[in-house]
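Please find below a colleague's note on the structure shown here.

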Amino acid sequence: MSNVVAVTGVTGDVGGKTLELLHEAGVPVRALVRKLEQAAHPRARGIDARIADLGDLAAVTRALDGVDQLFLVTAATEQQLAHGTNGVAAARAAGVRAIVHLSGADAAEHSPLPWGRAIWRINALVRSSGLSWTLLHAS
C-alpha cells in the first residue's frame, strides 16, 4: 500500500488548502476533481489529479485505487448525503485504509438544517465503514 492521501473538495477553501499543505510537506497526494479543467492547477504543481465526481461511484472507486487515506469534503448541496455515501463506499471498495471526514459542529440527526442531517448521516457511515477514521468538527 502506498502512502497517498486523496483529497476531495480541492477547488474549495478547506480541501484546496489541505491539498497544498500536504503537498508542501512532501506527502504524496492525489486531487479528486469533477471536471477536466479543474485538474490543470494541481497538475501544474506536480500533483496527481483524477477526474472523479462524487456522484459517480465507479469513477471515485477508480480514482482511489492505490490510495491509503481519503480526506473527504462534501459540499452543502442537495447531493451532499449521496456524495458522502459514495465517498465512503468507494474508499471501502478501493481498499483505502482510513478516512478523514470534514464534519461540522452542527451535525445532528434531527438538525433543522439539511446539511446538519446530511453530515450526521455521513459521519455514521464513516464510523461504521470498518476503516480507520477521524471526524473533524469544524465550527
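A polar contact is a pair of N or O atoms within 3.5 Å; within protein, one atom must be able to donate a hydrogen and the other to accept it. The model under review is predicted.

1. **Residue E20.** This residue belongs to helix α1, which spans residues 13-24. Its side chain makes a polar contact of 2.5 Å with the side chain of R45. Leaving aside residues up to four places away in sequence, E20 touches H41, R45 and I47. Is E20 buried or exposed? Buried means under 20% relative accessible area, and E20 counts as buried because its relative accessibility is 17%.

2. **The sheet.** An open sheet of 6 strands is present, in the order β3-β2-β1-β4-β5-β6 and with parallel pairing. Its edge strands are β3 (48-51) and β6, each of which pairs on one side only. On average, and with direction ignored, neighbouring strands of the sheet are turned by 20 degrees against each other. As background, strands of a sheet pair through backbone hydrogen bonds, either parallel or antiparallel.

3. **From β4 to β5.** Which way do strand β4 (residues 69-72) and β5 run relative to each other, parallel or antiparallel? The two strands run parallel and are joined by 4 bridges. Q69 has A98 of β5 as its bridge partner. Between β4 and β5 the chain passes through helix α4 (residues 80-94), and this β-α-β crossover is right-handed.

4. **From β5 to β6.** Strand β6 (residues 132-136) pairs with β5 in the parallel sense over 5 bridges. Within this pairing, I99 stands opposite W133 of β6. The chain goes from β5 to β6 by way of helix α5 (residues 114-127), in a β-α-β crossover that is right-handed.

5. Helix α5 lies across β4, β5 and β6, and runs at about 165 degrees to β5.

Terms used. Residues are numbered from 1 along each chain as its sequence is written. This is a predicted model: local features need pLDDT of at least 70, side-chain atom pairs count only at pLDDT 80 or more; totals for chains, interfaces and linings use all residues. Side-chain values use heavy atoms; hydrogens and water are left out. Buried means under 20% relative accessible area, exposed over 50%, partly exposed in between (1.4 Å probe, protein chains only). Contact means heavy atoms within 4.5 Å. Two strands pair if DSSP finds at least two bridges between them. A crossover is right-handed if, with the strands pointing away from the viewer, the path from the first strand over the helix to the second runs clockwise. Axes are lines fitted to C-alpha atoms, for helices over the stretch in contact, and angles run from 0 to 180 degrees between N-to-C directions.
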